[in-house]
Amino acid sequence: MRPVLTGRNIRTEFPMTNVPRPMTKAAARAFITALAEANPNAESELVFRNPFELLVSVVLSAQATDKSVNKATKPLFACAPDPRSMANLGEEGIARYIRSIGLWRAKAHNVALLCNQLLERHDGQVPSDRKSLEALAGVGRKTANVVMNVAFGADTMAVDTHIFRIGNRTGLAPGKTTRQVEDGLVARIPKEMLRPAHHWLILHGRYVCKARAPECWRCPATKWCLYPDKRMHAPAGQETKKTAPA
């Protein structure tokens, strides 16, 4: 049986031990503000031109890097830029473009089915509400949150492996599940900062607060971070790295 990817089971590499107490709301605001000031123009690193391309890209990004997804979707979107043309490619046709991405067989199946669902249920348009998005093949809560946030401007928080790690490591929003971390972030981050905070946190986790070796010496928010094992001295040769890509 082909596995069905929904994005519901986030692979987490952060050990759930020695998790600090939750930050206060005031500390959370200061923490997020520091990330914002360090990277004010943060945005998704996926390359897309419209909600449909974003949706497909996020579905393909499960357990894959944005760089690998962008490499695959550039020729895919050139050939099939909308749900009808991609549905016409079919599962095997989509698969030919995404073989370099992990779990490509299941993803090709989901994208083909998703495109047909968009045509049958939504006249080829990507819906903006959570219930309709999560009813699509390959779309779970995280993917729906990303699409609602990036494509439609909703104040949602998509918790991927990076945000799950930051929420627990720093005390920003500790939780044993991604939903617990999501709810904690929504409760602590000021509403007016919630939408862009999704990008600030992802990029911070990708380039600074890394899984195996957090680079605390260049973290702009270390003052408010409650992680007990901060690494405040850079190994030789790493002192000049940027916080995130320009």
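This is a predicted model: local features need pLDDT of at least 70, side-chain atom pairs count only at pLDDT 80 or more; totals for chains, interfaces and linings use all residues.
Student: Why is Pro-174 called partly exposed?

Tutor: Its relative accessibility is 24%. With a 1.4 Å probe and protein chains only, buried means under 20% relative accessible area, exposed means over 50%, and partly exposed is what lies in between. Residues are numbered from 1 along each chain as its sequence is written, and side-chain values use heavy atoms, with hydrogens and water left out.

Student: Where does Pro-174 lie, and what does Pro-174 touch?

Tutor: Pro-174 sits in the loop between helix 8 (161-170) and helix 9 (178-188). Helices here are DSSP runs of H or I with at least four residues, strands are runs of E with at least two, and both are numbered from the N terminus. Leaving out residues up to four places away in sequence, the contacts of Pro-174 (heavy atoms within 4.5 Å) include Val-19, Pro-20, Arg-21 and Pro-22. Pro-20 is 154 residues from Pro-174 along the chain, yet their C-alpha atoms are separated by 7.6 Å.

Student: What makes Arg-29 and Glu-192 a salt bridge?

Tutor: The rule asks for a side-chain nitrogen of Lys or Arg within 4 Å of a carboxyl oxygen of Asp or Glu. The closest N and O atoms of Arg-29 and Glu-192 are 3.1 Å apart, so the pair passes the rule. Arg-29 belongs to helix 1 (residues 25-38) and Glu-192 to helix 10 (residues 191-207), so the bridge ties together parts that are 163 residues apart in sequence. Arg-29 is partly exposed at 39%, while Glu-192 is exposed at 56%. By this rule the count comes to 10 salt bridges.

Student: Is Glu-182 buried or exposed?

Tutor: Glu-182 has a relative accessible area of 6%, so it counts as buried. Its side chain meets that of Arg-141 in a salt bridge, 2.8 Å from N to O. That pair links distant parts of the chain, with Glu-182 in helix 9 and Arg-141 in helix 7, 41 residues apart. Arg-141 is partly exposed, at 23%.

Student: How far apart in helix 6 are Glu-134 and Arg-130?

Tutor: They are 4 residues apart in helix 6 (residues 130-134), which means about one helical turn.

Student: What makes a set of residues a nonpolar core?

Tutor: Its members are buried Ala, Val, Leu, Ile, Met, Phe, Trp, Tyr and Cys residues joined through side-chain atoms within 4.5 Å. The largest such core has 37 residues, and Leu-55, Met-86 and Ile-98 are among those with the most contacts inside it. The elements giving two or more residues to this core include helix 2 (51-60) and helix 4 (83-98). Another core, of 33 residues, lies apart from it, with Trp-200, Cys-209 and Cys-216 among its members.

Student: Which residues lie nearest the centre of the largest cavity?

Tutor: They are His-204, Cys-209, Cys-216, Cys-219 and Cys-225, out of 14 lining residues. On a 1 Å grid over the protein atoms alone, a cavity is a set of points where a 1.4 Å probe fits but cannot get out, and lining residues have an atom within 4 Å of a point.

Methods: On a 1 Å grid over the protein atoms alone, a cavity is a set of points where a 1.4 Å probe fits but cannot get out, and a pocket is an open set with protein on both sides within 12 Å along at least five of seven lines; lining residues have an atom within 4 Å of a point.
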